[in-house]
Amino acid sequence: MLAPKKVKFRKWQKGRLRGPALRGATIAFGDIGLKTLEHGRLSSQQIEAARIAMMRHIKRGGKVWIRVFPDRPVTAKPLETRQGSGKGAPVGWCAPIKPGRILYEIKGVSIELAKEALYRAARKLPVKTAIVLREGL
């Protein structure tokens, strides 16, 4: 799974996601990409599941870029624990996502194959997405 090597703080506050993505909103590396249409948080397991679904469909041909990285800790209290006694321990990592953010890009395979691969990846994610082409294709 994806996770940062080291972080400055062990636990973060949740925060709020407002407005469109200002960075990472255009296709930079590949020919076709998967773009989000709503706010959300992607766990490292969801990012990896979508990547595996894509790679299996394109049969390891072409190149895939993952444009998001889970760098926010997610905490949870143990099961059957009463409320109080502080914040729970870190259990995983997530990536906050704003609308317009490009999640994955593909290059080196046919457009039809890439569209089907991105569609399969989108089914693994908890946010609404759209498939977008690079300008000039």
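# Salt bridges, core and surface of a predicted model

Arg-51 and Glu-48 form a salt bridge, with 2.7 Å between the closest N and O atoms. This pairing comes from a predicted model, and the structure holds 4 salt bridges. The chain has 137 residues, of which 32% count as buried. Its secondary structure comes to 2 helices and 7 strands.

**Overall layout**

- Read from the N terminus, the elements follow the order β-β-α-β-β-β-β-α-β.
- Taken along the principal axes, the box filled by the C-alpha atoms is roughly 55 × 30 × 25 Å.

- Arg-51 and Glu-48 are 3 residues apart in helix α1, so about one helical turn separates them.

- Arg-67 pairs with Glu-105 in a salt bridge whose closest N and O atoms are 2.3 Å apart.
- Arg-67 belongs to the loop between β3 (63–66) and β4 (72–76), while Glu-105 belongs to strand β6; the pair therefore ties together parts that lie 38 residues apart in sequence.

- Glu-116 has a relative accessibility of 31% and so counts as partly exposed.
- Arg-120 is partly exposed too, with a relative accessible area of 40%.

**Nonpolar core**

- The largest nonpolar core consists of 21 residues.
- Which residues have the most contacts inside this core? They are Leu-42, Met-54, Leu-103, Tyr-104, Ile-106, Leu-118 and Leu-125.
- At least two residues of this core come from each of β1, α1 (44–57), β5 (89–97), β6 (102–107) and α2 (111–122).
- Helix α2 supplies the largest share of the core, with 5 residues.

**Positive surface patch**

- A patch of positive charge on the surface brings together Arg-10, Lys-11, Lys-14, Arg-16, Arg-41 and Lys-87.
- Arg-10, one of the patch residues, is located in the segment before β1 (32–36).
- The relative accessible area of Arg-10 is 56%, over the 50% cut-off, so this residue is exposed.

**Backbone: positive phi in loops**

- Most residues other than glycine have a negative phi.
- Lys-59 is not a glycine, yet its phi is positive, at about 50°.
- Lys-59 is placed in the loop between α1 and β3, and it is exposed because its relative accessible area is 68%.
- Ser-85, likewise a residue other than glycine, has a positive phi near 60°.
- Where does Ser-85 lie? Its place is the loop between β4 and β5.
- With a relative accessible area of 71%, Ser-85 is exposed.

**Segments outside the strands and helices**

- Lys-6 is in the segment before β1, and its relative accessibility of 76% makes it exposed.
- Lys-6 and Lys-107 are separated by 101 residues in sequence and by 31 Å in space, C-alpha to C-alpha.
- Glu-135 is in the segment after β7 (129–133).
- Glu-135 has a relative accessibility of 77% and therefore counts as exposed.

Terms used:
Residues are numbered from 1 along each chain as its sequence is written. This is a predicted model: local features need pLDDT of at least 70, side-chain atom pairs count only at pLDDT 80 or more; totals for chains, interfaces and linings use all residues. Side-chain values use heavy atoms; hydrogens and water are left out. Patches are made of residues with over 30% relative accessible area and no salt bridge: like charges are joined within 9 Å, nonpolar side chains (Val, Leu, Ile, Met, Phe, Trp, Tyr) within 5 Å. Accessible areas come from the Shrake-Rupley method with a 1.4 Å probe; for residues, only the protein chains shown count as cover. A salt bridge is a side-chain nitrogen of Lys or Arg within 4 Å of a carboxyl oxygen of Asp or Glu. Lys and Arg count as positive and Asp and Glu as negative; His and the chain ends are not counted. The place of a charge is taken as NZ of Lys, CZ of Arg, CG of Asp or CD of Glu. Helices (H or I, at least four residues) and strands (E, at least two) are DSSP runs, numbered from the N terminus. Buried means under 20% relative accessible area, exposed over 50%, partly exposed in between (1.4 Å probe, protein chains only). A nonpolar core is a set of buried Ala, Val, Leu, Ile, Met, Phe, Trp, Tyr and Cys residues joined through side-chain atoms within 4.5 Å.
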